[in-house]
Amino acid sequence: MKNPFRTLPSMSRRSLIAGSAMSLLLPTFGRAEVETNPDIVIVGAGAAGIAAAHALSERGIRYVMVEAGSRIGGRAYTETETFGVPFDHGAHWVQSETRNPYFERAKDGPYRFYRAPDNYRVFDAGGEVDSDALAVLWRTWENVEEAMGEAGENGWDVAPSTVASDSGAWANTAWFGIGPWEMGKDMDDFSCLDWWNSADSIDWYCAAGYGRLVADHGAGLPVALDTAVTRIAWDGAGVTVETTGGTIKARAVILTVSTGVLASGDIVFDPALPVSMQEAIHGIPMGDYNHIALHFSQDIFGMGEDGYLLHQVDDSMEAFGALTNASGSGLAYCDVGGSFARELEAAGEQASIDFVMEKLRAMLGSDVDRTFRKGATTAWRSDPLFRGCYASASFGAYPMRRVLREPIGERIFLAGEACHPELWATVGGAALSGTEVAARTVEALG
Ligand SMILES: Cc1cc2nc3c(=O)[nH]c(=O)nc-3n(C[C@H](O)[C@H](O)[C@H](O)COP(=O)(O)OP(=O)(O)OC[C@H]3O[C@@H](n4cnc5c(N)ncnc54)[C@H](O)[C@@H]3O)c2cc1C
């Protein structure tokens, strides 16, 4: 049983160098000072780019890291301005404790790091459901996952919707939980085989924010912010990386942007990438997952810190699942995924907040309005620096994950969440990929 992001009860689903680098800097490059002739250019300063930079630093390799955005961390981003408490716009669940390098960092730091509790409240149209109904929901959920697991074990690269035939009152809810809520995709849009080959995880929380943990790891690394790569020429020796701040020539490039960015054509490759690589980029597309974050003055959800709230999902599949009172902050992450998340993102912030508030009112009554302070939403699909939440293989495309990891001309190396064989879609996977790809790049350069 799999679960990239949450664990349900009763189921197992789911320094170069800063010093010496600085001495290599040439005067101004865009807004930052960077060397224009390093060994390696790292594109993107998310978890993968940061890990790659540390790995190159440790080996004494000259690199330049360029980031199109005005901050580091990428899809791991915490800020406190919106609500006065940590708000993770992207990753929030810290996973894969045995392999995720952020685990040890979180334990040692000032983050209040603790294992996620497992409290659920589930509602249908008549109010909160009893333990019998809950048991039916979890059994349905398990049945769907078992069908998907069987397909995966048999090597069937098919969509979950073709193997999961469960019907009944809770089938839509289970489909919502496994598809949009976990994978950021509808059950027609990903591969059982890819899902099956992802790693199981137990979730932990970092009260200070997962994004803060990642940003702290990258603090002090040399990075040229607000510098977007627009073109990578690899026809001659090495690579020529054109950016909005100037041109960098290097021996190789580590490219950590999302498959959504790669598929968009915002970075032009000259010559074009091999057809197999283009197919892989399009075969492992981004999903949709947004937080509709609502701040309440009191814990109206009645589960203490970090409870989960679900509602019975009807055939419209218009649904959210919430993590309530995150780390006791009063913040509820009411999350939507898949095609409905895309629709709500297009409808805008107020429409998204209204959708959740209406459902919450039906579940919890007037306390919702009395204690509501403020809401805000994320919009990962519309952001040209990401173009979605995280990637997973479409049905039939599972073998293409391997292709993503193949070096191009021994000088363009893809890294990032989509490139990790089992921990894809996670921060830990992105970081591991960055570290591994940096080592492979150095080896290739000899
Ligand atoms: C809403 C949401 C919830 C999530 N929940 C979890 C979770 O709970 N747990 C978990 O482990 N993971 C979660 N994830 C996934 C996790 O955030 C990502 O897998 C991980 O952060 C990806 O890191 P990365 O370095 O591969 O890519 P990114 O973080 O995307 O880094 C790539 C960087 O490249 C930059 N860039 C883009 N284009 C250019 C360009 N042309 N030139 C230069 N730079 C460019 C981007 O600005 C970005 O900073 C979630 C993601 C989202 C969006």
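Pro271 lies in the loop between strand 14 and helix 9 (275-283), where helices (H or I, at least four residues) and strands (E, at least two) are DSSP runs numbered from the N terminus. The peptide bond that leads from Asp270 to Pro271 is cis, with omega near 0°. Most residues other than glycine have a negative phi, and most peptide bonds are trans. The model is predicted: local features need pLDDT of at least 70 and side-chain atom pairs count only at pLDDT 80 or more, whereas totals for chains, interfaces and linings use all residues. Residues are numbered from 1 along each chain as its sequence is written, and side-chain values use heavy atoms, with hydrogens and water left out.

**Sheet with strand 14**

- Four strands form an open sheet in the order 12-11-10-14, and the pairing is mixed; two strands pair if DSSP finds at least two bridges between them.
- Strand 12 (246-250) and strand 14 (268-270) are the edge strands, each with a single partner strand, so one side of each has no neighbour in the sheet.
- On average, neighbouring strands of this sheet are turned by 15° against each other, direction ignored; the axes are lines fitted to C-alpha atoms, for helices over the stretch in contact, and angles run from 0 to 180 degrees between N-to-C directions.
- Five bridges connect strand 11 (residues 239-243) with strand 12 in the antiparallel sense.
- Opposite Val241 stands Ile248 of strand 12.

- A second open sheet consists of three strands in the order 5-9-6, with antiparallel pairing.
- Its edges are strand 5 (93-94) and strand 6 (113-115), and each has a single partner strand, so one side of each is left without a neighbour in the sheet.
- Strand 5 and strand 9 (residues 204-206) run antiparallel and are joined by two bridges.
- Val94 has Trp204 in strand 9 as its bridge partner.

**Strands 1 and 2**

- Strand 1 (residues 40-43) is covered on both faces, with Ile40 and Ile42 on one side and Val41 and Val43 on the other all buried; buried means under 20% relative accessible area, exposed over 50%, and partly exposed in between (1.4 Å probe, protein chains only).
- Strand 1 runs parallel to strand 2 (residues 63-66), and four bridges join the two.
- The bridge partner of Ile42 in strand 2 is Met65.

- Thr324 belongs to strand 17 (residues 321-324).
- Thr324 counts as buried because its relative accessibility is 0%.
- Leaving aside residues up to four places away in sequence, Thr324 touches Phe301, Met303, Glu305, Asp306, Gly307, Leu309, Leu331 and Ala332; contact means heavy atoms within 4.5 Å.
- Asn325 is located in the loop between strand 17 and strand 18 (331-337).
- Although Asn325 is not a glycine, its phi is positive, at about 45°.
- Asn325 is buried, with 9% relative accessibility.
- Ser327 lies in the loop between strand 17 and strand 18.
- Ser327, a residue other than glycine, has a positive phi near 50°.
- The relative accessible area of Ser327 is 13%, so this residue is buried.

**Asp157**

- Asp157 is placed in the loop between helix 4 (131-153) and helix 5 (171-183).
- With 16% relative accessibility, Asp157 counts as buried.
- Asp157 and Phe190 are 33 residues apart in sequence, and their C-alpha atoms are 9.0 Å apart in space.
- The residues that Asp157 touches, not counting those up to four places away in sequence, are Ser191, Leu193, Ser394, Phe395, Gly396, Ala397, Tyr398 and Pro399.
- The side chain of Asp157 reaches the backbone nitrogen of Tyr398 at 3.0 Å. This is a polar contact, a pair of N or O atoms within 3.5 Å; within protein, one must be able to donate a hydrogen and the other to accept it, and residues adjacent in sequence count only if both atoms are side-chain atoms.

**Ligand site**

- The ligand is surrounded by 41 residues, and the closest are Glu67, Arg75, Trp93, Val229 and Glu417; a residue counts as near if one of its heavy atoms lies within 4 Å.
- An N or O atom in the side chain of Gln95 is 3.4 Å from an oxygen atom of the ligand.
- An oxygen atom of the ligand lies 2.9 Å from a backbone N or O atom of Glu417.
- A polar backbone atom of Val427 is 2.9 Å from an oxygen atom of the ligand.
- Of the 1000 Å² of accessible area that the ligand has on its own, the protein covers 98%; accessible areas come from the Shrake-Rupley method with a 1.4 Å probe, and for residues only the protein chains shown count as cover.
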